[in-house]
Amino acid sequence: MSYYGSSSSGGRGGQRVEYGRTYVVRPKGRHQATIVWLHGLGDNGASWSQLLDSLSLPNIKWICPTAATRPVTAFGGFPCTAWFDVEDTSVDGRDDIEGLDASAAHIANLLSSEPPDVKLGIGGFSMGAAASLYSAACYAHGKFTSGIPYPITLSTVVSMSGWLPCSRTLRGKMESSHIAARRAASLPILLSHGRVDEVVSYRNAERSSDTLRSSGLGHYTIPEEMDDVGKWLSSRLGLDRSR
């Protein structure tokens with residue numbers, strides 16, 4: 001496992017957003033896919049890199065960035081690592097479009113230099129899952145909410161215990177473009193959520209799934225364990241799991 005130093009990206013009002021350290025888990029076999037994995041609110045990339053390194057997925061390179069430290073409204077303005085500002089962890093909360101766009105652009109940039117024959121994916125937990133689903137919507141629509149073109153092609157998206165930001169406008173965006181509808185239908189998305197989740201309620205996962213389905217985005221399953229995530233990724237990405 002290795003790591004990169006901090007990096008920056010455009011943010012609110014044109015200001016630079018300083019992201020934390022990025023950890024990389026190198027593939028132990030033939031490199032077939034690269035997935036950026038996003039941590040939850042207040043966490044960092046290190047903890048998830050250790051877990052992902054233990055999975056039996058030798059053909060995947062994992063990139064685990066650390067979010068910028070910023071004031072979070074849900075914590076009364078207390079600063080912590082967060083992919084965007086949030087008032088509450090639900091589909092009904094206010095959407096921090098600038099923060100979401102900045103993080104989605106940072107994530108895409110991390111994947112932009114991967115070899116052309118390697119499949120690309122984004123996954124995450126809690127707030128990281130929300131950022132992953134937002135990236136999926138940007139990919140399908142072909143651009144960020146700011147109007148800047150989305151620069152990479154995604155092959156898979158994984159959301160664990162997350163929610164869908166900007167759910168109120170997603171369906172209209174997908175219906176406005178035949179190209180967006182085709183991209184949406186071809187992108188496999190996995191949603192995983194615990195029924196007794198006390199931070200992001202299971203009902204938010206159901207509502208996110210309903211919105212994604214009605215917008216034509218992806219295919220869904222709700223696994224019980226990380227092993228199921230590994231099996232799903234191997235199937236959807238066509239990995240041979242060889243070393």
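Student: How many salt bridges does the count come to here?

Tutor: Start with the general idea. Side chains of opposite charge can pair when their charged atoms come close. In this predicted model, the count comes to 4 salt bridges.

Student: Which side chain does Lys28 meet in a salt bridge?

Tutor: That of Asp53, at 2.6 Å from N to O. Now place the two residues. Lys28 sits in the loop between β4 (22-25) and β5 (33-38), and Asp53 in helix α1 (residues 45-53), so the pair ties together parts 25 residues apart in sequence.

Student: Are these two residues buried, exposed or partly exposed, and what is the value for Lys28 and for Asp53?

Tutor: Lys28 has 43% relative accessibility and counts as partly exposed. Asp53 is partly exposed too, at 31%.

Student: Where do Glu114 and Lys61 lie?

Tutor: First the contact. Their side chains meet in a salt bridge at 3.0 Å, N to O. Glu114 is in the loop between α2 (97-111) and β9 (119-125), while Lys61 is in strand β6 (residues 60-64), so this pair ties together parts 53 residues apart in sequence.

Student: Is Glu114 buried or exposed, and what about Lys61?

Tutor: Glu114 is buried, and Lys61 is buried as well. Buried here means under 20% relative accessible area.

Student: Which residues are linked in a network of salt bridges?

Tutor: Asp85, Glu87 and Arg94. Within it, the closest N and O atoms of Glu87 and Arg94 are 3.2 Å apart. Glu87 is partly exposed at 38% relative accessibility. Arg94, at 39%, is also partly exposed.

Conventions:
Residues are numbered from 1 along each chain as its sequence is written. This is a predicted model: local features need pLDDT of at least 70, side-chain atom pairs count only at pLDDT 80 or more; totals for chains, interfaces and linings use all residues. Side-chain values use heavy atoms; hydrogens and water are left out. Helices (H or I, at least four residues) and strands (E, at least two) are DSSP runs, numbered from the N terminus. Buried means under 20% relative accessible area, exposed over 50%, partly exposed in between (1.4 Å probe, protein chains only).
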